[in-house]
Each structure stands twice: as C-alpha cells, then as structure tokens.
Amino acid sequence: MKFKELTFKDQHTERIYKDYISRVKNSVKSLNSDNQNETLLEINSHIYEALQAPAENETTDLLNVLQKLGSPEHFLKELVPEKKLEEAASSFNPLKILKALILNFGNGFSYIVFFILYVLLAGFIFMIYSKIVNPEQTGFFYTNATSWVLGISKNYNPHEKELLGNWFIPVMILLTILFYVVITLLLRFKKKFLKK
Amino acid sequence: MNEEYKNKWISQLKKGTLPFIVLSVLRRNTYYGYDLINEIKKLTDIVIAEGTLYPLLVRLKNENLVSHSWVEQESGIPRKYYQITEEGKNTLNAMKDYWTYINNTIQSI
C-alpha cells in the first residue's frame, strides 16, 4: 500500500502537516521499510479521519488533531521497541536481535537474560579467534571436577589437561550455532516460554 | 484530602485499565484507530493522548490478542481495522473475572 499525502487549501496548513509527517518518518526510521510505511499510513489515516468533521478553519482543525495525537517523538518512542521486537522475531539477523534486546531492556527481566545469552554467544566466537592467535593458552583445560577453564588459561600447569585439542574450534562453532538458534527460537516463542 | 495524590492514583489506574478497555470495546465490533478512540471516549470518561493508543495496539498484536487488516477506501487513505482474536477473547474473560474478584475484595474491606 502506498502512502498518499493529504492536501490542504492553505499552504501554511500544508506546511504544518508536512512537518508533522516528516517528524513521524524521522521517529520510525530505525524500523524496516514495511513497518515504517505501515506506521506512516496509520498516522496519516488518523489525521485524515479526524479531519472529516470540520469544526473551525482548516489550520485550527489540523492543529487540534495533531495536538490530541501528541508529539510523534514521544508516542512513537514506545511503538518502535515493540515493532523492533516483532522484526527481530521474524528474522535471524543478529544485529536486529541485539538492537531489539537493548531497546526492550526496560520491558522485563527476560530481555536481560536474552542479552546475557547473546554475550555468551559472542564469547564463543572470540574463543575461535583466540585459539587461532594463541593456540597454546586457549582451550578447555581440566584439572579436576571443581577446577576447569573454558577459554584462556594463563596459569598453564602440568596437571591441567586440554581436552578438546583440534576439536576446540569445531566445538566452539557448534556452540555458537546452537546458542544462536536457541536464542532466536526462544525469542520467537517468548510469549509461550516467558510471560512478561 | 490529598488531591494531588488522588489524581495521580486515578491517572495510573486509567493507564492500567486501558488494555482492558480496548479489548472490551474490540469485542463489540472491529474498529480503525481513530474510530476506536472515539468509541472509548463515548463509553468511558478516559481522556488519552491519542497517539499512545497506537503503541498499545502494537503490543496487543504482538501478544496475539488482536489482529488487523487494511481496508482500501475510496479516498485513497486506507483504514487499518483491528479485531479481537480468540486468544484475546479468552484473555479478556480471565481479566474480567479478576476485575470482579478485586472489586468484591475491595467492597468487603
């Protein structure tokens, strides 16, 4: 569906309208193009419908409608995180997911848990890099059941055994993929798993 | 009486009951945003900053309590109609039960 600009007889009224629409566009530009368009269409429809019962002159009517709607920077601030979450849940794009999680920190503890899982995932990727540049000190070091290190061990001692060897990088890749799929699916089915 | 405190409390209460009111109104009929605001105004004395209704509708949609469909208009400005889902109706029933419970509790204190 295409956005159709409203037209006004008075050019000052038109300027007020265009200024408001451009503020709406600015407030939602972090969303994908479909959601940007949908928000714009809905706000435009609200303005159009509200102007169908003229009370005073065109300018005053428009100003009243826009005043009642409120500042787009203010009310769209709440809408953007909600839409972002919807976008993240329907894609596997890690940047989108990360942005949505940060925007939703205030909306519940579950998002902080998701963020921590995401940081762990980044840790696995870092381990792969570390194994390549620093193979001796990176690995899964095991001394006994209570003392083991997954990562970089600077206090390498003869009692410590590295268990994964050449399997370290494949295992890290596997963990990364596993965490990634689990986080994304959990986010997608959040409504069923974690009630806010 | 502390008028200021009372007013703050009323405003919080109204804000908290808004999703409940939106779902109740949508159970009666399907509405587009502006129409829904007018219906809420007609049925209650709640004055809302109209823009705040839209994030609430997105939240209700993300929770699968309402769905929407765009309907083209002759004017070329389409309307986005909202309808309550089955899950929305069931949730609303549970909310109504709780509302009755809390009302009875308050009456009995």
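Mentor: Chain A has eight helices and three strands; helices (H or I, at least four residues) and strands (E, at least two) are DSSP runs, numbered from the N terminus. This is a predicted model, in which local features need pLDDT of at least 70, side-chain atom pairs count only at pLDDT 80 or more, and totals for chains, interfaces and linings use all residues. Residues are numbered from 1 along each chain as its sequence is written, while chains are lettered from A and ligands numbered from 1 in the order in which they are written.

Trainee: In what order do the elements of chain A run from the N terminus on?

Mentor: The order is α-α-α-α-α-α-β-β-β-α-α.

Trainee: How do I read a sheet, and which strands of chain B are at the edge?

Mentor: Strands of a sheet pair through backbone hydrogen bonds, either parallel or antiparallel. Two strands count as paired if DSSP finds at least two bridges between them. In chain B, three strands form an open sheet in the order 1-3-2, with antiparallel pairing. Strand 1 (31-32) and strand 2 (66-71) of chain B are the edge strands, each pairing on one side only.

Trainee: How many bridges join strand 2 of chain B to strand 3?

Mentor: Six bridges join strand 2 of chain B to strand 3 (residues 79-84) of chain B. Trp70(B) is opposite Lys80(B) of strand 3. Strand 1 and strand 3 of chain B pair over two bridges, and Tyr31(B) faces Tyr82(B) of strand 3.

Trainee: What about the largest nonpolar core, and which residues have the most contacts inside it?

Mentor: In soluble globular proteins, nonpolar side chains tend to be buried together. A nonpolar core is a set of buried Ala, Val, Leu, Ile, Met, Phe, Trp, Tyr and Cys residues joined through C-beta atoms within 7 Å. A residue is buried if 20 or more other C-beta atoms lie within 10 Å of its own, exposed if 12 or fewer, and partly exposed in between, with C-beta atoms placed from the backbone. The largest core here has 31 residues; Leu76(A), Leu79(A), Leu26(B), Leu36(B), Leu57(B), Val66(B) and Tyr82(B) have the most contacts inside it. Apart from it lies another core of nine residues, including Tyr111(A) and Phe114(A).

Trainee: How many residues of chain B are in contact with chain A?

Mentor: Two residues are in contact if their C-beta atoms, placed from the backbone, lie within 7 Å. By that criterion, 21 residues of chain B are in contact with 21 residues of chain A. Helix 3 of chain B supplies the largest share of the side that touches chain A, five residues.
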